[in-house]
Amino acid sequence: MLVCMKFSPSVGIQRRKVRYTFRISRLKESMTIFRPMCNLLIIVGICFSGSYLAAEDRIDFDRQIRPILSQHCFHCHGPDDEHREAGLRLDDGPSAKAELDSGTTAIVSGKPEESELIERIFTIDDDLVMPPKDANRDLNDNQKQLLKRWIAEGAEFTEHWAFVAPERPTLPEVTNKKWSKNAIDHFILAKLEKASLQPSPPADKRTLIRRVTLDLTGLPPTPEEVEAFLTDDKPDAYGRVVDRLLKSPHYGERMAWPWLDAARYADTAGYQGDPTRPQWPWRDWLVTALNDNKPFNRFTIELLAGDRLPNATPEQILATAFNRNHMHNGEGGRIAEETRVENVFDRTETTATVWMGLTFTCARCHDHKFDPISIDEYFSLYDFFNQTSENGAASQQNSAITPSIAYSPPTMHHRLAKLKAEIAAARKATLASDVELDKAQLVWEKSVVTGVESLALSPWHVLGPLLPPEGNADKMFAHLYPPEKNVDLNAEINGKKWTVREEFVDGKVHELDSAIAVTYLYRTVKTSIARQVNVSLGSDDSIKLWVNGKQVHANPATRAAAADQGFAKLPLVAGENQILMKIVNTGGISGFYFRITDSAVQKLLPVLTKRPDQRSEQEQAAVREHFRRNISPTGAKHFQRLDDLTAELKSLDTKTIRVMTMDTIDNPRTTFVLDKGAYDKPTDRKVTAAVPKVLPPLPEGTQPDRLALAKWLVSGEHPLTARVTVNRYWQMFFGRGIVATPEDFGAQGKRPTHPLLLDWLAREFVESGWDVKHIHKLIVTSATYQQSSRVTPELLQADPTNKLLARSPRYRLPSWMLRDQALAASGSLISELGGPPVKPYQPAGVWADATFNTIRYTRDSGNALYRRSLYIFWRRIVGPTMFFDAAKRQTCEVKPNLTNTPLHTLVTLNETGYIEAARALAELTMTEEKATEQRISFAFQRLTARTPNSEESAILTSRYDQLLAHYSANEKERNALLTVGESRPDSSANPTELAAMTAICNIIMNLDEVLTRQ
């Protein structure tokens, strides 16, 4: 180890090279002086440590040495070729043991006295010591001695543990064999016994059911569920509780949260303007997939490459929205290609984080300084995600960015499929052979051919203006004036009579009285045969049209009359037909337009004059359809059924949601390594899709695309995927993963506290068929999980951070779970699954400040206020204000932010939703119980799963009495508390008692026991 590089400009690099030359010359000059003393010190050190070496196991390079080198040396002497100093690479055995240009060797196996590394870390010369003083990476004495021992033992290099495929280890031997409930406990107990520790006693049943219910569903157990568990003395009682929770539809909602954080899910795009986009169908797909326990390998393939599967279903394509949930910069002046490249970066790095636990971002601009990932390998992985049609351009406000899918929920799919089948059957029925209908058609055809004539239209008769009913113009359109019941041309209505207006010829816009009033127009139409006539309409403003007393058209428009504003079909019978038109004027000049555009019978005349055997199939079908649709009452029923089904199909089509998904372009892009990751600085190094060399290769002959990548990740032999995934599951149940850095399984990440357990879980996961619920059940049914969280002074001293898990962890619940708990305990929760996002209470002005007053928050009302937190609208630049510990949803995050920040108290004591939930709980207690102590006990049990002890009950009862006196004397404060939120309490409840009990419920809701997972 000769020099350590620091990030600095090229001038600094030249200066360090000069300093390096000076140091080497100084070192050579001083060798004759220092070498004998150094050799003596090393010999003495070995002599003194001889007994220690014999007593201890051999040094483990990966566990003991690599972390030292990674922390102190890899920055300058690691995998990064471009910035490596002095040609020395310490992460690779052959390189570390090779002779350097200076003629020295950093590591000589078995000979620390000849190893330059030992010389330089032990020297007292500030110009020669490594790491350099100004690097602030000093080694302590223990680390120096460990390096020396390792070299003395032969300086064996081994591969980093995370890059070696896990094998199923045998269960370790333990003394207390009765304690273990499954394999997990053997690994935990073995470590505890080695540390001379014992596990904690089991948690009591009340604590346990609350813990596991919150962990598996994110909701508290109901009092009935607690009582059922307490009275169930069967040995498998707890296991059956776990099975019930795993089947709960709320399981998927709880398990979706970590995935939303990893997927950087939000309902807006981010950046300036932060436009809304409808990605929520993906969130619903996620909940369904988790509830269905979709095998993790299939789950992965659909998330990353569902669109590439043969005959991909809409749901499989929708799944790929995972990698389109990222931010999108559509600001004015933004270069589209820059945005596109950044989005590909995001997909690449998110995939690496979620499935491999690797910090790929570090290799975007240069070779990774700590892990064996080169910049070329980064862009080879990038190439998998560089072949989508997204071009980086902005979209219209509140719309999906190409590529996207017009998606409808599965329930709608079923109806669509059924509709299409029904439409096909109805269409077939409309034209099917029918002896009676066909005879009637021949009779009709003869009458048409012999009796076709022009329509005889009378002039328009006009009545009006008729004033608004009760002077209310808004009622005119719907109001039933006398002509709508019966047209009597001799009647006088409100002093108005029918008048003939010969000048109202068809095909022109005619002006009517300008009063805010209704005008009726009436005429007759005679025809010798039944037929359907198409007309074009116009009106100022609203219009209704009747034929023979049946309404055939209505449009409550506000407009100026013009030609062809609307169209209607007039079903005429043979003989005289009555046409009534209503024009509603809401201001300004009134008017109407009417024109017959065609007669369907006249269009058919050329066909009808042919004999049936001379007509083509298409002509014969056209005549049959016209007759049955417009003339025959029996046939018309079939066509009405067909029209109704077709209208429903069109209606469903308009309800589809366009969701951004992945696709693959036909002509692949060429991917170049980008200099420093700059979108506009491609180098001449062209790369193609490939996986890092440190990991197993893609199967030979595989077409390298996203589908191949997804299958490779879940091949079962991949060293990272299963480990990384079960580690996040462990983190979810214990607050911290077996590897405390879930985002980094590389050299800079934390080593696993229980490596054999991690490997056992990884192999169990794969061999179970990637069964997620199986792993979850294993964890929560282990004795490790079921321990009490009570900490003793002895345990706190022996293992302050609880790495060995001699007790169950205890930590603050996440903010989203606290809100759901409050809603559930108060009986306010609306437990409906899925659907568009909702907007509950939020402080005024939060969005306005962040969006330059261009977007204002408008909260929902009714049930939407009480939906689960999972469904709350997430504006990316200003997340929901009650979620103070949540991920930012701007980049992938896989580590939760456990916190007990004062913001917790600010929200849970004061936020509108919490106060309203406390009042709802208070009202519930008053409905269920009469005495104060029983009411307090009722509320306490709903929030803690236990009844208060005598001391707790006395404190809360005393406080209730104080509050009762306070609110009796302070009506204004009482009323303010009772009117928080949209809901209103039952008017029959005593307001003073309700206010006092609301405050008590709020106190219980903020007990540490309620806010904490124990």
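Biologist: Which residues of helix 35 are buried?

Modeller: This is a predicted model. In it, the buried residues of helix 35 are Thr992, Leu994, Ala995, Ala996, Met997, Thr998, Ala999, Ile1000, Cys1001, Asn1002, Ile1004 and Met1005.

Biologist: What makes helix 35 "mostly covered"?

Modeller: The count does. Of its 15 residues, 12 are buried. Buried means under 20% relative accessible area.

Biologist: How do you know that the span of helix 35 agrees with its number of residues?

Modeller: Helix 35 covers residues 991–1005. The rule is 1.5 Å times one less than the number of residues. For 15 residues that should give 21 Å, and the end C-alpha atoms are 21 Å apart, so the two agree.

Biologist: What happens at the start of helix 35?

Modeller: Asn990 places a side-chain oxygen within 3.0 Å of the backbone nitrogen of Thr992. The cut-off for a polar contact is 3.5 Å.

Biologist: Why is Tyr960 called buried?

Modeller: Its relative accessibility is 3%. The limit is 20%, and buried means under it. Tyr960 therefore counts as buried. Its place is in helix 33, residues 950–969.

Biologist: Which residues does Tyr960 contact, leaving aside neighbours within four places in sequence?

Modeller: Thr932, Arg935, Ile936, Glu993, Ala996, Met997 and Ile1000. Ala996, Met997 and Ile1000 are also among the buried residues of helix 35.

Biologist: How far is Tyr960 from Gly538 in space?

Modeller: They are 70 Å apart, C-alpha to C-alpha. In sequence, 422 residues separate them.

Biologist: Now helices 15 and 24. What is the angle between them?

Modeller: About 75°, with the axes 7 Å apart. Helix 15 is residues 336–356 and helix 24 is residues 721–734.

Biologist: Why is helix 15 called roughly perpendicular to helix 24?

Modeller: The class runs from 65 to 115 degrees. The angle is about 75°, and that makes the pair roughly perpendicular.

Biologist: Which residues meet there?

Modeller: From helix 15, Thr353, Val354, Trp355 and Met356. From helix 24, Thr721, Val724 and Arg728. By class, four are nonpolar, two polar and one charged.

Biologist: How do you know that helix 6 is close to its expected span?

Modeller: Helix 6, residues 141–152, has 12 residues. Its first and last C-alpha atoms are 16 Å apart, and 16 Å is the expected value.

Biologist: What lies at either end of helix 6, and which of its residues are buried?

Modeller: At the start, a side-chain oxygen of Asn140 comes to within 3.1 Å of the backbone nitrogen of Asn142. After the helix comes Gly154, with a positive phi near 120°. The buried residues include Gln143, Leu146, Trp150 and Ile151. Lys144, Lys148 and Arg149 are buried too.

Biologist: Why is Arg615 called buried?

Modeller: Buried means under 20%. Arg615 has a relative accessible area of 8%, so it is buried. It lies in the loop between helix 20 (600–608) and helix 21 (617–631).

Biologist: What does the side chain of Arg615 reach?

Modeller: The backbone oxygen of Val607, at 3.3 Å. Beyond four places in sequence, Arg615 touches Glu445, Val607, Leu608, Lys610, Gln620 and Val623.

Biologist: Why is Ser196 called exposed?

Modeller: Exposed means over 50%. Ser196 has 66%, so it is exposed. Its loop runs between helix 7 (183–194) and helix 8 (205–217).

Biologist: What makes the phi of Ser196 worth a remark?

Modeller: Most residues other than glycine have a negative phi. Ser196 has a positive one, near 60°. Asn293 also has a positive phi, about 55°, and is not a glycine. Asn293 is in the loop between helix 12 (280–291) and helix 13 (296–305).

Notes. Residues numbered from 1 in each chain as written. Predicted model: local features only at pLDDT ≥ 70, side-chain atom pairs only at ≥ 80, totals over all residues. Heavy atoms only, no water. Axes fitted to C-alpha atoms, helices over the stretch in contact; angles between N-to-C directions. Helix = DSSP H or I, 4+ residues; strand = E, 2+ residues; numbered from the N terminus. Parallel < 35°, antiparallel > 145°, perpendicular 65-115°, else oblique. Contact = heavy atoms within 4.5 Å. Nonpolar A, V, L, I, M, F, W, Y, C, P; charged D, E, K, R; others polar. Buried < 20%, exposed > 50% of the residue type's maximum accessible area, 1.4 Å probe, protein only. Polar contact = N/O pair within 3.5 Å; in protein donor to acceptor, adjacent residues only side chain to side chain.
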